Amino acid sequence: MAGSTFGRLFAVTNFGESHGPMVGCVVDGCPPGLTLCAADLQPDLDRRRPGTSRHVTQRREPDLVQIVSGVFEGKTTGTPIGLLIQNEDQRSKDYDNLVQTFRPGHADYTYWHKYGLRDPRGGGRASARLTAPMVAAGAIAKKWLLEQYGCVIRGYLGQLGPIEIPFARWEDVSANPFFAPNAALVAPLEDYLDELRRAGDSVGARIHVVAERVPVGLGEPLYDKLDADIASAMMGINAVKGVEIGAGFRSVAQRGSEHGDELTPEGFASNHAGGVLGGISTGQPILVSLAIKPTSSIRIPRRSINSEGTAQSVHTEGRHDPCVGIRATPIAEAMLALVLIDHALAQRAQCADVKVSTPDIARKAQS
Ligand SMILES: Cc1cc2nc3c(=O)[nH]c(=O)nc-3n(C[C@H](O)[C@H](O)[C@H](O)COP(=O)(O)O)c2cc1C
């Protein structure tokens with residue numbers, strides 16, 4: 001299937017299916033000399049993996065990553081890095097009754113029309129299981145960006161269904177199963193999700209991702225703009241239906257006197273641009289926000305058709321996340337890291353010798 005390679009200089013080719021023996025990727029173009037072992041990748045995979053709380057799917061996947069090439073004596077060699085993750089807990093029988101039916105909100109109908117055949121087990125290639133290798137590749141990118149520039153990429157849940165979660169503290173994000181940046185909201189989120197699960201329904205979410213200490217100058221106008229590539233990467237994540245950079249759709253109601261970020265010797269006075277101007281990073285934090293749709297697999301019966309076009313009723317009894325947005329936070333961080341490393345390598349190739357005397361006011365403000 002075409003469309004499985006992401007990135008130009010740091011190119012990640014993803015393979016596998018939800019219920020095949022394994023998923024994985026090949027990372028080609030990683031700079032040599034980066035200290036790397038599986039333990040560097042595992043923490044982010046653990047943050048994404050299913051079965052970690054009652055609020056996510058109970059599929060039991062250890063998601064242990066294996067590095068099978070491209071690392072020698074603990075350092076990347078500059079050759080392709082092979083990453084493998086075994087699939088352990090498939091229950092393909094859960095999908096037997098879906099073979100002839102198209103589940104609303106899933107890729108079944110479009111895959112069928114496009115390819116004329118279908119792997120219905122766990123969503124096959126359309127499954128969010130394929131985000132696991134991207135999280136592993138993203139962890140390599142995160143490590144390199146941190147070591148090169150001090151760049152830190154982290155995300156959080158900004159809204160779950162009707163519950164808005166005002167940002168309180170980064171420390172709270174890792175202290176609850178929702179990636180919520182506000183401990184006071186954890187109990188209401190639990191109550192809401194428990195009720196949702198009892199009703200057999202699902203809900204959408206908003207995720208925020210922030211990259212700090214990004215070098216100024218990343219991005220290639222016209223058609224490889226940094227924000228364009230970020231939007232493309234985020235839309236590549238399963239269930240994402242909207243992407244905003246900086247003020248995003250709030251820009252519609254803003255005036256120029258508010259939106260345009262003023263420059264001062266101490267730094268930019270605001271960040272409505274979300275860290276990108278003219279498709280090039282300003283050096284301010286990159287601010288990305290994602291809209292994630294409600295999980296399509298729900299116990300409530302929905303109308304559909306079979307492959308003959310006859311009306312059918314579909315409901316799903318398999319194990320599913322009541323809100324797929326919860327586990328999307330590490331995935332969004334990984335995709336942002338992959339875009340940034342790709343652009344950082346391109347920047348080194350073309351513009352490494354460019355010197356200007358103007359201070360980097362955004363970096364100064366973040367140091
Ligand atoms: C982390 C994660 C887990 C997901 N798990 C499920 C799931 O259990 N059930 C489901 O119906 N969709 C799930 N999805 C969404 C589907 O993969 C996705 O909606 C489907 O493949 C159709 O693609 P699209 O929504 O991008 O158009 C998940 C998405 C993410 C990001």
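**Strands, aromatic pairs and a ligand site**

Ile-305 has Ala-311 as its bridge partner in strand 18. The model is predicted: local features need pLDDT of at least 70, side-chain atom pairs count only at pLDDT 80 or more, and totals for chains, interfaces and linings use all residues. Residues are numbered from 1 along each chain as its sequence is written, and side-chain values use heavy atoms, with hydrogens and water left out.

Strand 17 (residues 302-305) runs antiparallel to strand 18 (residues 311-314), and four bridges join them. Strands here are DSSP runs of E with at least two residues, helices are runs of H or I with at least four, and both are numbered from the N terminus. Two strands count as paired if DSSP finds at least two bridges between them. Five residues separate strand 17 from strand 18 in the hairpin. Gly-309 sits in the turn and has a positive phi of about 90°.

In general, strands of a sheet pair through backbone hydrogen bonds, either parallel or antiparallel.

The whole structure holds six aromatic pairs. Rings of Phe, Tyr and Trp (its six-membered ring) pair if their centres lie within 6.5 Å; planes under 30 degrees apart are stacked, those over 60 are edge-to-face, and the rest are tilted. Tyr-156 and Trp-170 pair edge-to-face, at 5.4 Å centre to centre with 80° between the planes. This pair links distant parts of the chain, 14 residues apart: Tyr-156 lies in strand 8 (residues 152-160) and Trp-170 in helix 4 (residues 170-173). Trp-170 also pairs edge-to-face with Phe-167, at 5.1 Å centre to centre and with 70° between the planes. Together, Tyr-156, Phe-167 and Trp-170 make up one aromatic cluster. Tyr-156 counts as buried because its relative accessibility is 12%. Phe-167 is partly exposed, at 38%. Buried means under 20% relative accessible area, exposed over 50%, and partly exposed in between, with a 1.4 Å probe and protein chains only.

The ligand has a shell of 15 residues. The closest are His-106, Ala-126, Ala-239, Lys-293 and Ser-297. Five shell residues are nonpolar, seven are polar and three are charged. In this count, Ala, Val, Leu, Ile, Met, Phe, Trp, Tyr, Cys and Pro are nonpolar, Asp, Glu, Lys and Arg are charged, and the others, Gly among them, are polar. The side chain of His-106 places an N or O atom 2.9 Å from an oxygen atom of the ligand. For Ser-296, a backbone N or O atom lies 3.4 Å from a ligand oxygen atom. A polar backbone atom of Asp-321 is 3.5 Å from an oxygen atom of the ligand. The ligand alone exposes 630 Å², of which the protein buries 84%. Accessible areas come from the Shrake-Rupley method with a 1.4 Å probe; for residues, only the protein chains shown count as cover.

A polar contact also occurs within the protein. The side chains of His-55 and Glu-190 make a polar contact at 3.3 Å. Such a contact is a pair of N or O atoms within 3.5 Å; within protein, one must be able to donate a hydrogen and the other to accept it, and residues adjacent in sequence count only if both atoms are side-chain atoms. His-55 lies in the loop between helix 1 (38-48) and strand 4 (65-67). His-55 is buried, at a relative accessible area of 1%. Glu-333, in helix 8 (residues 328-351), is buried at 1% relative accessibility. Its C-alpha atom is 9.1 Å from that of His-208, 125 residues apart along the chain.

Some loops show particular backbone geometry. The peptide bond from Pro-221 to Leu-222 is cis, with omega near 5°. Leu-222 lies between strand 10 and helix 6 (226-235), in a loop. Glu-73 is not a glycine, yet has a positive phi of about 50°. Glu-73 occupies the loop between strand 5 (71-72) and strand 6 (75-76), and is exposed at 69% relative accessible area. Phe-179, also not a glycine, has a positive phi of about 60°. Phe-179 lies in the loop between helix 4 and helix 5 (186-199), and counts as buried at 9% relative accessibility.

Terms used: Near = heavy atom within 4 Å.
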